[in-house]
Amino acid sequence: MVIWIYNILLTLGSLVWVPWMLWRARRRKEGVDWRQRSGEYPFKLEKGRPRVWIHAVSVGEVMAALPVLREVRQVGPDVEIVLSVTTSSGHRTATGFPDAYDRLVYFPIDVYRFVLAALVRVRPTVVAVMETELWMNFLDASQNLGATTILINGRISDRSFPRARTFRFFYRDLLRRVDRCLMQTTVDAERITALGARSVEVFGNCKYDQALEGLDAQPGVWRGELGLDPERPTLVVGSTRSEREEALVVEALGTMKTEGLQVVWAPRHLERTDAIVAALAGLPGGAVRRSQSRSLAGSGSRVMVLDTYGELAQVYCVADAVVIGGGFDDLGGQNILQPLAHGKPVVHGPHMQNFRDVATAATARGCSLTVSDAASLAATLDGLFADPEGRARMGAAARELVAENLGASRRYAEAVVAAAKKTD
């Protein structure tokens, strides 16, 4: 009954969500393949070897899925992997790791005829969705076609849980279509159980494993590539997500007292590049874009905006300190694990709901600091740059935290492969 109501509302709401999807894609300059989003893939796979469909949404989920995909390769070398994404930025990111999957597709819009067309072409034995990507029609059609459905690296955020409880009747019916819910933490497991999930287990957070991506970066090489002076302090700003956050960081940079500071700034969405460059125009030398000027050296600027894909994970290696966005505005935060894995002290905002456990652990271990405004951000960063021994202690604590929490990706991969071979 619930799925019928869902589809009636989906149909009636198409007058709103279809224009909204098109507008958002145009605003973000996303070259989405709408044929694939309608389930029309340029292939039709036959049953035979075990096949896993793993769904990640955008850049963050693709990067988080990478260690799981690679562990699936190790645990089940005969398993065929289809990776799906929703956004063009996620698609671009995934194309940089072609060894991690056999086929890359866009995820179908959750209209029954679209998801059914996509699933008939892929014929997965297991469907594994990352974190919170639970779509009623897709999961229903997956089970109807005989696939085992698994939620991996599952989480229920502080913000979404109260809303989900209000619509528990819907989530109970939705979660009936998930055979196993493999969650990041005990809190996540308790929350999804309260919403009606079955077969719930705690496997850990695979983003700790994903944080190891980029650790092979050579600081000397990247300083040369970016034109950074090794004798001057370097700040990396990663994953800012809104105008409010950008204004806060720009104000802090304008009032900092650290001599010779050089900055590499990577926004979460590249369409924010123009706005950031414009906001930085008031600082001495303004800003240069990575795509237009490959080096800070000789540019007259002290800020480079990283408007390219796939470099941030390695660029963290040059930082003396890191600022992570998503938490200065009330956006739920962004992943702080990559800079922590590099052994870098991290500063972030107070709104870290989507990364609650990681942020809490990092703060408790003394490897991250929380600030809420431009003045405190500037003062905190000046203090860090003036205290190399303190930065070293924070860096060591960061590496220890990451090392202690590795291994979840292997557990997820073993569960997925076991289900694929059992179903097959």
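**View 1. Helix H11 (207-210) and helix H17 (356-364) each give at least two residues to the lining of the second largest pocket.** Helices here are DSSP runs of H or I with at least four residues, strands are runs of E with at least two, and both are numbered from the N terminus. H17 makes the largest share of this lining, with three residues. The model is a predicted one: local features need pLDDT of at least 70 and side-chain atom pairs pLDDT 80 or more, while totals for chains, interfaces and linings use all residues. Residues are numbered from 1 along each chain, and side-chain values use heavy atoms, without hydrogens and water.

**View 2. Here is the second largest pocket, with a volume of about 250 Å³.** Of its 18 lining residues, Gln-184, Thr-185, Asn-205, Asp-357 and Val-358 are the closest to the centre. A pocket is an open set of points on a 1 Å grid over the protein atoms alone where a 1.4 Å probe fits, with protein on both sides within 12 Å along at least five of seven lines; lining residues have an atom within 4 Å of a point. The volume is the space filled by probe spheres set on the points, which are joined across faces, edges and corners.

**View 3. Seven strands build an open, parallel sheet in the order S3-S2-S1-S4-S5-S6-S7.** Strands S3 (103-106) and S7 (200-202) are at the edges with a single partner strand each, so one side of each has no neighbour in the sheet. Pairing requires at least two DSSP bridges between strands.

**View 4. Now look at S5 (residues 148-154) and S6 (residues 180-183), a parallel pair with three bridges.** Gly-154 has Met-183 in S6 as its bridge partner.
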